[in-house]
Amino acid sequence: MKAYERFLQYVKVHTASDPESSAVPSSERQKDLARILVQEMRDMGIADAFMDDKGYVYGHIPASGCKNDKRLGFIAHMDTSPDYHGENVNPVLHADYDGCDLEIGCGKVLSVKTFPHLPSLAGRTLITADGTTLLGCDDKAGIAEILTMCEEVLTKNLPHPALSIAFTPDEEIGSSADSFDLDAFAADFAYTVDGGEENEIVFENFNAAGAEFVVHGVNIHPGSAKDTMLNASLVAMEINSLLPGCDTPAKTEMYEGFYHLIGMSGNVEEAKVSYIIRDHDAGMFAARLATLCHIEKTLNEKYGDGTVVLTIAEQYRNMAEVIEQHYHLVDNADAVIRSLGMEPSHSPIRGGTDGARLSFMGLPCPNLGTGGYAFHGPYEHVTVEGMDTAVKVICGIVAKYAE
């Protein structure tokens with residue numbers, strides 16, 4: 001079966017994760033796809049495929065025709081973004097796409113102005129949703145490509161090292177690594193298949209933290225407020241004014257970090273200001289956190305101890321620290337991508353990935369492209385040919401580790 005044929009089946013299963021839930025998985029509907037994947041894996045000969053009680057799917061293919069005793073893994077996630085409609089997905093195939101603006105439905109147009117890569121997809125079969133939902137490339141394309149590789153390895157009896165396969169819930173809400181069972185997965189290193197263009201191999205991501213300022217004010221009747229009132233909301237605004245205005249997501253790119261204001265709320269008595277902080281460079285990241293701490297100190301000196309309370313929570317780190325010690329993962333992927341007539345893309349992720357957290361858990365894990373674009377919204381798209389190429393990349397990597 002071709003990767004896109006699997007993909008067309010998977011996207012019809014509603015698997016959006018739920019950021020408001022504390023359950024694991026956050027939505028039971030993710031198990032609907034997990035059960036389908038377990039059965040499919042068993043049918044193709046992955047006899048030990050199973051879903052654990054948290055909705056994670058694991059399976060293994062013993063080594064064959066290979067003297068390499070290292071165990072290689074591939075990982076993709078089952079959930080789709082909760083930020084856009086993911087139910088009743090109706091995928092549409094556009095054969096022999098001309099590379100121009102394309103109306104996909106409901107008045108929505110996939111435009112070259114917004115997506116300048118579109119002309120490079122001319123002549124391919126483009127897959128979109130119908131304008132009412134997201135498509136689910138992120139990351140059902142990755143699942144389809146991994147299982148297509150498994151089928152090829154098994155049906156063609158290709159030489160391969162021991163292979164570990166995992167499909168995880170709740171990646172889109174940042175918790176899929178929380179309950180990942182490294183022992184059940186049983187790999188020495190792995191790749192997530194959760195990226196963009198099919199020539200992509202990514203091993204750098206942001207260092208990340210969340211920060212919240214809580215401001216405690218003094219509320220009194222405004223008529224008698226002179227030298228007594230302390231307006232928490234005004235102090236909250238002052239906090240933001242003390243951050244560099246050019247260090248926001250809208251004004252940064254590539255390796256440039258930022259402070260991103262994600263929420264403000266409050267009144268005179270109490271206010272809250274929330275940020276996410278990102279930087280690829282560990283030293284710059286530490287300096288950004290130090291800046292927030294200095295703002296807390298300065299404002300408490302100005303308004304009184306306890307006026308401003310800052311809480312910082314580390315979220316993930318730049319996996320480059322780990323991957324640099326296992327650079328064969330990048331070198332081998334690069335070699336395969338070049339053998340297919342493409343130049344590898346090493347653009348840093350301006351975000352996070354399962355692989356980042358897994359790398360620091362002891363499983364070095366860069367990220368491969370799926371051939372998908374414009375994730376998390378109605379303009380998501382992928383091509384049949386791009387998915388085929390992603391499968392060739394994965395199969396090529398398996399062959400590299402069989403040498």
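**Exercises on salt bridges, a sheet and a surface patch**

R71 counts as partly exposed, at 35% relative accessibility. This value, like every other one below, comes from a predicted model.

**Exercise 1.** Identify the salt-bridge partner of R71 and locate both residues in the chain.

*Solution.* 
Step 1. The side chain of R71 meets that of D188 in a salt bridge, at 3.3 Å from N to O.
Step 2. R71 belongs to strand 3 (residues 71-77), whereas D188 sits in the loop between helix 4 (182-185) and strand 9 (189-195). The two residues are 117 residues apart, and the pair links distant parts of the chain.
Step 3. D188 has a relative accessible area of 24%; because this value falls between the limits of 20% and 50%, D188 is partly exposed.

**Exercise 2.** Determine whether D247 and R288, which form a salt bridge, are buried or exposed.

*Solution.* 
Step 1. The closest N and O atoms of D247 and R288 are 3.0 Å apart.
Step 2. D247 lies in the loop between helix 5 and strand 12, and R288 in helix 6 (residues 282-303), 41 residues apart.
Step 3. Buried means under 20% relative accessible area. D247 has 18% and therefore counts as buried. R288 has 6% and is buried as well.
Step 4. For another pair, R317 and E321, the salt bridge has an N to O distance of 3.1 Å. R317 is partly exposed at 34%, and E321 is partly exposed at 34%.
Step 5. The structure holds 16 salt bridges. R6, E40 and E151 are linked in a network of such bridges.

**Exercise 3.** Which residues make the nonpolar surface patch, and which elements give two or more of them?

*Solution.* 
Step 1. L234, M237, L261 and M264 make a patch of about 380 Å².
Step 2. Helix 5 (232-241) and strand 12 (258-266) each give two or more residues.
Step 3. M264 lies in strand 12. Its relative accessibility is 45%, so M264 counts as partly exposed.

Technical notes: Residues are numbered from 1 along each chain as its sequence is written. This is a predicted model: local features need pLDDT of at least 70, side-chain atom pairs count only at pLDDT 80 or more; totals for chains, interfaces and linings use all residues. Side-chain values use heavy atoms; hydrogens and water are left out. Patches are made of residues with over 30% relative accessible area and no salt bridge: like charges are joined within 9 Å, nonpolar side chains (Val, Leu, Ile, Met, Phe, Trp, Tyr) within 5 Å. Accessible areas come from the Shrake-Rupley method with a 1.4 Å probe; for residues, only the protein chains shown count as cover. A salt bridge is a side-chain nitrogen of Lys or Arg within 4 Å of a carboxyl oxygen of Asp or Glu. Helices (H or I, at least four residues) and strands (E, at least two) are DSSP runs, numbered from the N terminus. Buried means under 20% relative accessible area, exposed over 50%, partly exposed in between (1.4 Å probe, protein chains only).
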